[in-house]
Amino acid sequence: MEFFLESILNGICMGSIYGLTALGLTVIFGVLKVINFAHGSLIMVSMYVAYWAIIYTGVHPYVALIIVVPVMYFFGYYLQDIVIKPIFKAEKDVREPITVIIVTTGVWYILDNLTLLIFGPQYRGIQNNPLRGKMLDIGNMLISVPKLWGFVTAVITAAAVYWFLQKTRTGRAIRATSLDREAASLMGINQFKIYNIAFGIGTAIVGISAVTLVPFYNIFPSVGVLFDIKGFIIVVLGGLGSIGGAIIGGIIIGLIESIAPMFMTATWAEAIVYGLFLVVLFVKPSGLFGVKYDW
Amino acid sequence: MTRKTINTSALILLGVVAFGIPLVLRSPTYLHIICLLFFYAYLTTSWNLVGGFAGVLPLGHSAFVGIGAYTSTVLSLQYGVSPWLGMIVGGFLAGIVGILIGLPTFKMRGAYFALATIAFGEGIRVMFENIETLGPLNIRGPRGLEIPPTHTGFVNFMFNTKEPYYYIILVMLIGVIAFTYFISRSKLGYFLNAGGEEPEAAMSLGVNVARAKLIAMAMSSFLTALAGTFYAQFTLYIYPKSVMSLDLSFEIAFIALIGGRGSIAGPILGALLLRPVSDFSRIYFGSSLPGLHLIIFGTVLILVMIFQPRGLQEPLLKVYNKLLDRILQQAPQGKAGHEYS
Amino acid sequence: MKIDIRIMGKLTVFFSIVALVAAFSVLPAPAVAENVVKVGNIIPLSGPSASVGQQGKQAREMAVEEINAAGGIKSLGGAKLKMIYADSESKPEKGVAEAERLINTDKVNVLTGCWNSAVTYPTTAVAERYGIPFIVPVSVADKITEQGFKNVFRIAAKDSWWTRDQFAFLKDMEKEFHTPVKTLAFVYENGDWGQGFASQWKILAKKGGYKVVLDEPYPSTATDLSPVVQKIRRARPDVLMLVSNAADAILLTNTLASYKVKLKAVIASGGGHADPSFLKATGKNARYLFDIVEWETDVNKPGAKEANAKFKAKYGYNLAGESVDAYLAMYVLKDALERAGSLDPAKIREALATTHLTSGPGMIVGYDSVEFDKTGQNKNASLIMVQINDIGNGLERITVWPKSARRAGYTPVFPMPH
């Protein structure tokens, strides 16, 4: 029983971190209507930024957010502005420009391999950080402290993003653009500026998720690939573009990964994830919290 | 000399060149690279039946390559069935799986469809990695199957030289191109096209879009699986991460999009650009600057998409037509196959 | 007449790319001096195994520099070894394509590679077809030398020997420390390598009378291994046996430590646990871990210390089993070339088959000679067990088994203290 509860808690914590990584993806999709295949690479870049920030300043991993978030915001902003915007301009009349998938995949190859060229294939981890390996002991249950921090961060970030989109002027402009590009443009909203901002915000969220991972995870050039497909599955499960859906979708995946191995090998648990994903798609193609008109 | 005769003669010239290549180019290295180029062109042309004409973006086609490769290999290793027969069996199996995948997914559009097919492809790979034996069939999970290179000969689909492989994949490629051409001119092709662009409108006109798409999917997965057998016999070793990898699914789709999806020439143009970029950049930079070749590959993807988001096929066709105009207006005896090829 | 300028611009871009590619392809192969032996090396330089590929490349380079500086191959008039590297990206089809290229276009005299067994199978088949000798420094799957190929020579031990020695080590430890071990847990990456080890383990456990309480493959792309660690904790095995790649080895070690799983011993199988960055990324969490390797820096062999010091000064990390095999492979090749006195592949093959290398700079391995049996397997390849511990010089890998090779003055820690 304790093991079961422990597995559930671990699943929720790890899952919410998955959800946080997917949150960035879903924000970008919500506005631009494209899947960002460079998503994993952005996690990887953020992890390297966080790693160097922590190593050089020696601060608590979460203090690195002060550096990582703005750096990644501008990284995303200019990535969209310079690389992806030209496609949108060329394909104005297409609602979901598929070509963007290719461009973001190109970005993925470039970022991953540039990192390999510059930093080498080594695996890195931050040895001296106050969160590393810390466990919370409740009865006979052990809960990972860095994952707990990740859970809290995920919830706060999701709430903040939700508040931002609902209450601020920029947030409302973003939502307007995501609902109807043409109408938003007519209202005087600069569509491409909004795209840049949305991409920047999405990337900044990816940066936050990377900071939650760095205390207990290792860092290497192809680390993003591990989170890539997981992110796609989560956003579709939760409903593309849904903020709460991303977190809940992440938690569902985390729970399966955590609980299913109690009854089968971990490799079959991986198969269950795909199975459940497909079942949800057939029953409710717009995902658990998706809006129907989007599919 | 009319436009049509020029077109036909250009095509014939192209065919003659293609069949003549091994007579001139003796290097197995280059023949190997060209075989893979044709292999990818073949896969992409098969993919095009769904991804191009039906207007959706399937990203899980490597599953069919894997089904084809595994079926023929298991049958030949365990029961001594000729891979040629296994190839057909694998094709039908893949066709059935294709329909099973198509039934639910064709209700989805855009990103949902793309992601659902990714999940299907990855799901099938994970299953294969978890299964040691499938009934009496020994598929050996993640360890894969190696084909002993001992029994060469046509019946065994195994040769010591590259030329037979070259002609086999060339004939397959020409076959699939002819088939696609035929389909695109048929009623099914029109249905698919209509369904891809305006599904609601097409449906209101009484076109059974869903059925057309399913037929296209079945054909596409059947054809894709045939190439799986070719791959298995060509590299003599298969395992889930090679024949069912997401990388392979992506590459098929990329070649189509770079070349121009939904056109006959697109997949070939895409393969003609991307395969050499991928191979030669790896050969020249792979050892000295690890990873640089993939950076170059990524850059080419981005550049082509920025400058030619509809693929290479469109501008090249325009130039070809302009050239034809010019030739027809002026001295009508020039050959005009070069630009197009 | 009026061809759209815009289209022309785009076409220019396209054709310049094509031209660039074409230019590369027609460039003559780099002009080669007369007197060289061309060695093709197919290793993973990018992709998930890039780290191990880089180690193999750097070890080869150091050996070749030494050989060439010492006058090259004397029986061939001082011919120099010329290395040609190809990146397999850990993908079989890339390995095969590169083998074809190296053999047919670069006309290499001998091939080496590929680390990933999945790449080595089909690549050695290509070499066999052309009759080009193929030296496999490391790729442990048994079947590599069991395909009936005449041109394949493997330096490293095969996986049935690795697993055999792991169990022999365990028995010896039980005796030496009077600590019986009853239950085992097998946790391994779900790939060719992990499955190969696990199937041998199961047989050996049965023979040795151990009870297997957990037999758990995990996907090597797993992002969270705490479910697996929880299973280990629940199964309460005495000894945990692992096969892991680098990323998962690090994650598993750290997670085991934070869950405070109580085990008598952890026995790993090289690979990820022997990666140079493993110790840096796990720190004291890796303490007391046993790992099976072919070579360790404290091996009692003349020249080993110097070779390692030189390597470390050059590349910043220690030699390890994988890199030493690559290093030795170059000296085995040199020895064979000296005896062959010819670049004829058949002659090189004959020379390799009759290898009996006992001395020289390459022989820094724990055993006395390199000899190949009929299948091309190095008969004498032996393995050692090391323990990761800190005895005052920071964490290091200390040889503990076989007892004859144990570092002087060191007593292994078994069972693990808690």
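Colleague: Into which domains is chain C divided?

Modeller: Keep in mind that this model is predicted. Chain C has domain 1 (36-157 + 302-353) and domain 2 (160-293 + 383-405). Each domain is written as two stretches of the chain.

Colleague: How many Å separate the centres of domain 1 and domain 2 of chain C?

Modeller: Over C-alpha atoms, the centres are 29 Å apart. The two domains also touch: 13 residues of domain 1 of chain C are in contact with 14 residues of domain 2 of chain C. On the domain 1 side, α2 (50-69), α4 (117-130) and α11 (321-340) of chain C each give two or more residues. That side has six nonpolar, five polar and two charged residues.

Colleague: Now for contacts between chains. How many residues of chain A are in contact with chain C?

Modeller: The size of an interface is often given as the accessible area lost when the parts come together. Here we count residues instead. Chain A brings 31 residues and chain C brings 33. On the chain A side, α1(A) gives the most, with five residues. By class, this side of chain A has 13 nonpolar, 13 polar and five charged residues.

Colleague: Why are α11(A) and α5(B) called roughly antiparallel?

Modeller: Look at the crossing angle. Over 145 degrees counts as roughly antiparallel. The axes of α11 (266-283) of chain A and α5 (110-130) of chain B cross at roughly 150 degrees, so the pair is roughly antiparallel. Those axes come within 9 Å, and the crossing is left-handed. Among the residues in contact are A:W268 and A:Y274 of α11(A), with B:F120 and B:M127 of α5(B). By class, this contact has 11 nonpolar, four polar and three charged residues.

Technical notes:
Residues numbered from 1 in each chain as written. Chains lettered and ligands numbered in written order. Predicted model: local features only at pLDDT ≥ 70, side-chain atom pairs only at ≥ 80, totals over all residues. Axes fitted to C-alpha atoms, helices over the stretch in contact; angles between N-to-C directions. Helix = DSSP H or I, 4+ residues; strand = E, 2+ residues; numbered from the N terminus. Parallel < 35°, antiparallel > 145°, perpendicular 65-115°, else oblique. Left-handed = near helix turned anticlockwise from the far one by under 90°. Contact = placed C-beta atoms within 7 Å. Nonpolar A, V, L, I, M, F, W, Y, C, P; charged D, E, K, R; others polar. Domains from an automatic or database assignment.
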